[in-house]
Amino acid sequence: MAVTTDSLDSAAPASRSPTWTRIKDALRRHPTAIIGAVVLVLLILMAALAPFLWTVDPQAISPARRLRHPSETYWFGTDMLGRDVYSRVVYGARVSLTVGIFVALFATLIGLFLGLVTGYLRWLDGIIMRIMDGLMSIPGVLLAIALMALTKASLENVIIAITVTEVPRVVRLIRSLVLTLREQPYVEAAIAAGTRTPKILIRHILPNTVAPLLVQATYICASAMLTEAILSFLGAGTPPNIPSWGNIMAEGRSLFQIATYLIFFPGIFLSLAVLSVNMLGDGLRDALDPRLARNM
Amino acid sequence: MDGRDKPDHDNPDTKRESGNAGMLSYFIRRVLATIPVIGMVAFFVFSLLYLTPGDPAAVIAGDIATNEDIERIRNKLGLDQPFLTRFGTWAWGVLQGDLGISIFTNLPVTQLIGQRIEPTLSLALCTLIVSVLVAVPLGVIGAWKVGKFVDRLVMLFSVLGFSIPVFVFAYILIYVFAIQLDWLPVQGYVPFREGFWLWLRQLILPSIALGTIYIALIARITRATMLDVLAQDYVRTAHAKGLAPNAVLMQHALKNAAVPIVTIIGIGIALLISGVVVTESVFAIPGIGRLTVDAILRRDYPVIQGVILLFSVLYVVVNLLVDLSYRLFDPRIQY
């Protein structure tokens with residue numbers, strides 16, 4: 001990060017513009033990140049414009065045209081209730097992206113707060129980190145399905161359950177950053193100058209966590225979309241009346257040998273979505289974290 | 001303890017002694033440190049049920065339960081007692097190897113797990129072996145040919161491995177190798193005692209499907225670590241003194257990259273455990289993963305608690321063993 005200046009007041013704002021220059025530079029150097037970004041934007045557009053993309057009602061049942069294979073009329077075929085798989089897949093993007101974006105947002109915000117607090121207020125550190133260690137010892141998908149087993153299947157609960165599994169990693173990251181940053185001369189200088197703790201956290205520590213946090217957020221987004229699909233696929237995710245990619249595949253499971261397209265079309269879109277976010281994340285990491293970027 | 005006060009480099013004997021004592025105390029400290037973590041996990045797993053709003057007994061019983069069903073479950077879980085008493089009773093039982101009774105089958109949870117352990121262990125072991133055998137060479141080649149075509153291929157594979165969901169890849173494998181080519185069975189499991197080949201045949205596709213993300217992870221870390229090591233002075237020296245590139249790579253570099261690689265293999269066990277649940281469902285393998293999914297769909301809470309506790313303890317213990325094994329891979333490490 002660019003915060004090396006001696007002036008305490010210019011320390012925080014100085015980090016902003018080099019960050020953006022670095023992002024732009026890295027995007028130029030990493031064509032895969034651009035591809036990822038473009039695909040992601042296309043998927044977001046697809047989700048937003050779902051009603052205008054030649055879709056029909058994704059829930060419209062039509063027993064007369066069950067299990068039609070992909071054709072000119074039914075681009076991705078129809079499922080066992082005669083619903084149009086193309087429309088369901090297009091609308092399914094809404095669920096995946098919503099879950100991915102909101103989990104990334106909530107997990108980073110909660111993780112940031114807890115990480116700042118535990119990294120700076122040492123007396124809280126022991127308690128919160130033991131809780132995080134415990135949470136991290138439960139494999140993520142298992143914790144999420146256990147939480148889902150207890151609540152009503154709904155989009156909100158899926159987002160909450162996955163957020164719980166992602167928060168500890170963010171706390172760890174932020175805490176370790178804070179532990180290094182608080183030893184920096186400019187923070188010590190600020191303490192010596194009598195700056196109060198909240199102000200130090202916000203003015204001097206917070207700006208330095210933005211870059212790693214942004215990278216982490218993209219990975220969380222990718223991981224959350226995968227977890228949502230796994231939950232729905234196992235029958236513990238979004239309720240069946242919401243067409244999510246995981247749900248479409250779950251319904252196609254028993255019919256796989258006669259209707260492979262029920263798994264493959266949503267599977268391709270899910271993989272594409274996760275891949276694009278991961279590629280964008282790799283590019284951002286290269287741009288914002290040169291130390292890590294060298295090798296990964 | 002007097003020897004400790006002197007600087008170590010003065011006396012080699014003292015150094016070795018304090019090294020061993022340090023190691024023993026490190027081992028003990030490390031083992032003791034897992035106890036609060038496992039205790040925390042047990043507490044989470046137990047209290048999960050009570051975090052939910054409303055009556056846990058009614059939640060478990062589901063929407064179509066009668067009042068008697070709810071009452072029966074309430075008695076079985078001892079819900080009329082205070083929370084900490086219940087936790088104490090449960091934890092004491094767990095310490096004695098009693099994970100409770102399944103609400104759905106009325107069998108002890110330990111018995112249910114015992115019946116299902118072989119398929120899961122088989123799948124996990126096969127996957128672990130396949131993954132390490134594939135991933136480490138991939139990572140080494142990537143680092144060796146850094147920036148070249150092969151390296152880009154390894155990195156591409158790694159990103160794909162992280163992005164394609166395990167069940168989607170599993171269905172692609174089934175479609176190609178079981179349905180189209182008819183080389184391997186579509187689903188199912190054959191116990192080991194019925195023959196090694198029959199057993200292995202069933203496990204090939206699940207192991208590859210489950211291993212992909214694990215391979216991606218290990219290959220990535222191996223490559224990154226090897227790149228670090230290859231930039232070290234002693235590697236340059238080894239090259240300079242005319243050692244064959246293979247010897248440099250295997251004897252000097254890989255050996256020194258072992259600790260981070262072994263660490264990520266341990267941490268990656270979490271991916272493996274999460275993946276087992278999905279893979280067993282796709283391939284209809286009657287293991288603990290299936291047990292978990294069935295228990296969740298039936299809201300059989302004692303089983304869910306038991307299985308999650310088992311997996312989490314396994315994860316913690318594996319990573320403890322990884323920590324303790326560092327000295328084997330790198331004798332320089334002093335605890």
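Predicted model: local features only at pLDDT ≥ 70, side-chain atom pairs only at ≥ 80, totals over all residues.
Residues are numbered from 1 along each chain as its sequence is written, and chains are lettered from A in the order in which they are written. Local features need pLDDT of at least 70 and side-chain atom pairs count only at pLDDT 80 or more, whereas totals for chains, interfaces and linings use all residues, and side-chain values use heavy atoms, with hydrogens and water left out.

The contact between the chains (heavy atoms within 4.5 Å) takes 50 residues from chain B and 44 residues from chain A. Together the two chains bury about 4000 Å², 76% of it on carbon and sulfur atoms, buried area being the accessible area (1.4 Å probe) that two parts lose on being put together, summed over both. Across this interface 1 salt bridge is found, a salt bridge being a side-chain nitrogen of Lys or Arg within 4 Å of a carboxyl oxygen of Asp or Glu. Its partners are Asp282(A) and Arg220(B), whose side chains meet at 3.0 Å, N to O. Because Arg220(B) lies in helix α8 of chain B and Asp282(A) in helix α11 (residues 261-288) of chain A, the pair joins two chains; helices are DSSP runs (H or I, at least four residues), numbered from the N terminus. Both residues are buried, that is, under 20% relative accessible area, where exposed means over 50% and partly exposed in between (1.4 Å probe, protein chains only).

Over all chains, 10 salt bridges are found. One of them links Arg130(A) and Asp133(A) at 3.2 Å, N to O, two residues that both lie in helix α5 (residues 122-136) of chain A, 3 residues apart, about one turn of the helix. Arg130(A) is partly exposed at 38% relative accessibility, while Asp133(A) is buried at 14%. In chain B, the side chains of Arg290(B) and Asp294(B) also meet in a salt bridge (3.2 Å, N to O), and these residues are 4 residues apart in helix α11 of chain B, about one helical turn. Here Arg290(B) is partly exposed at 22%, whereas Asp294(B) is buried at 17%.

The count of aromatic pairs over all chains comes to 13, where rings of Phe, Tyr and Trp (its six-membered ring) pair if their centres lie within 6.5 Å, and planes under 30 degrees apart count as stacked, over 60 as edge-to-face and the rest as tilted. The rings of Phe177(B) and Trp183(B) have centres 6.0 Å apart and planes at 40°, so the pair is tilted.
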